[in-house]
Amino acid sequence: GHSDGCLAFSYGRNSLIDSDRLFPPQSAVVKPEIGVQYMFPSGLQHMVYPFFGEGERRTVAANLNCWDIQEQQ
């Protein structure tokens, strides 16, 4: 279907009347593309719709920490 295997992200508050109040959407749906890697902050609420299409979906989940290291001379 239309949302087969899509990623859904939700941030902030969502309400059915947001568009009536002219609030911007606070959620997004992304249809994955072959060969594209998606990275996002771990605190971002997300979900993946079930995948029923042909072929297979592969997912690799990981946490990445980065530090600013200054060289000592």
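What follows is a short chat about the sheet and the aromatic rings.

Modeller: This is a predicted model, where local features need pLDDT of at least 70 and side-chain atom pairs count only at pLDDT 80 or more, while totals for chains, interfaces and linings use all residues. Residues are numbered from 1 along each chain as its sequence is written, and side-chain values use heavy atoms, with hydrogens and water left out.

Colleague: In which order do the strands sit in the sheet?
Modeller: The order is β2-β1-β3, an open sheet of 3 strands with antiparallel pairing. Strands are DSSP runs of E with at least two residues, numbered from the N terminus, and two of them pair if DSSP finds at least two bridges between them.

Colleague: Which strands stand at the edges?
Modeller: β2 and β3; each has a single partner strand, so one side of each lacks a neighbour in the sheet.

Colleague: How many bridges join β1 to β2?
Modeller: 4, and β1 and β3 also pair over 4 bridges. Leu7 has Val30 as its bridge partner in β2 and Val48 in β3.

Colleague: Changing topic, how many aromatic pairs are there?
Modeller: 1. The ring centres of Phe9 and Phe40 are 4.9 Å apart with planes at 75 degrees, so the pair is edge-to-face (centres within 6.5 Å, planes over 60 degrees apart).

Colleague: Where does Phe40 lie?
Modeller: In the loop between β2 and β3, whereas Phe9 lies in β1, so the pair ties together parts 31 residues apart in sequence.

Colleague: Is Phe9 buried or exposed?
Modeller: Buried, at 11% relative accessibility (under 20%, 1.4 Å probe, protein chains only). Phe40, at 30%, counts as partly exposed (between 20% and 50%).

How values were computed. Rings of Phe, Tyr and Trp (its six-membered ring) pair if their centres lie within 6.5 Å; planes under 30 degrees apart count as stacked, over 60 as edge-to-face and the rest as tilted.
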